[in-house]
Amino acid sequence: ISDDVRSDPERAERIADLERYFGSLLRCMLSLFEAITGGLDWDGLVVPLMEEVSPVLGVVLIIFIAIAVLAILNVVTGVFVDSVLASAKADKEQY
């Protein structure tokens with residue numbers, strides 16, 4: 001593998017990306033959090049996984065991000081809006 005990596009600088013860069021983003025459990029958690037919150041480009045996480053490990057892991061990562069962004073953040077937004085509406089209703093009843 002090391003001869004192959006030395007002869008292909010793009011592959012060496014993808015492997016370095018894998019180590020940087022997924023080298024430890026804490027780094028992996030940080031990378032996933034950054035992907036959800038917009039701190040990292042999804043493509044930078046997905047391409048090394050799909051090309052060096054497995055295309056299935058790239059799909060799993062995309063599904064994770066989609067669920068987190070579309071579902072969890074929408075729930076948080078819904079709770080915030082419900083709180084604001086309840087506060088506005090209380091103010092309206094008071095005045």
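Which pattern does the protein follow when read along the sequence? The pattern is α-α-α-α-α, with five helices and zero strands in the protein; helices (H or I, at least four residues) and strands (E, at least two) are DSSP runs, numbered from the N terminus. The model is predicted, so that local features need pLDDT of at least 70 and side-chain atom pairs count only at pLDDT 80 or more, while totals for chains, interfaces and linings use all residues. Residues are numbered from 1 along each chain as its sequence is written, and side-chain values use heavy atoms, with hydrogens and water left out.

The C-alpha atoms of the protein fill a box of roughly 75 × 20 × 20 Å along the principal axes.

Helix α2 (residues 9–22) packs against helix α3 (residues 25–37) at an angle of about 90°, with the axes 6 Å apart (lines fitted to C-alpha atoms over the stretch in contact; angles from 0 to 180 degrees between N-to-C directions). Helix α2 is therefore roughly perpendicular to α3 (65 to 115 degrees). Arg20, Tyr21 and Phe22 of α2 and Arg27, Cys28 and Ser31 of α3 make the contact (heavy atoms within 4.5 Å).

The charged end of Arg20 sits over the ring of Tyr21, 5.0 Å from its centre (CZ of Arg within 6 Å of the ring centre and within 35 degrees of the ring normal).

Key: Parallel < 35°, antiparallel > 145°, perpendicular 65-115°, else oblique.
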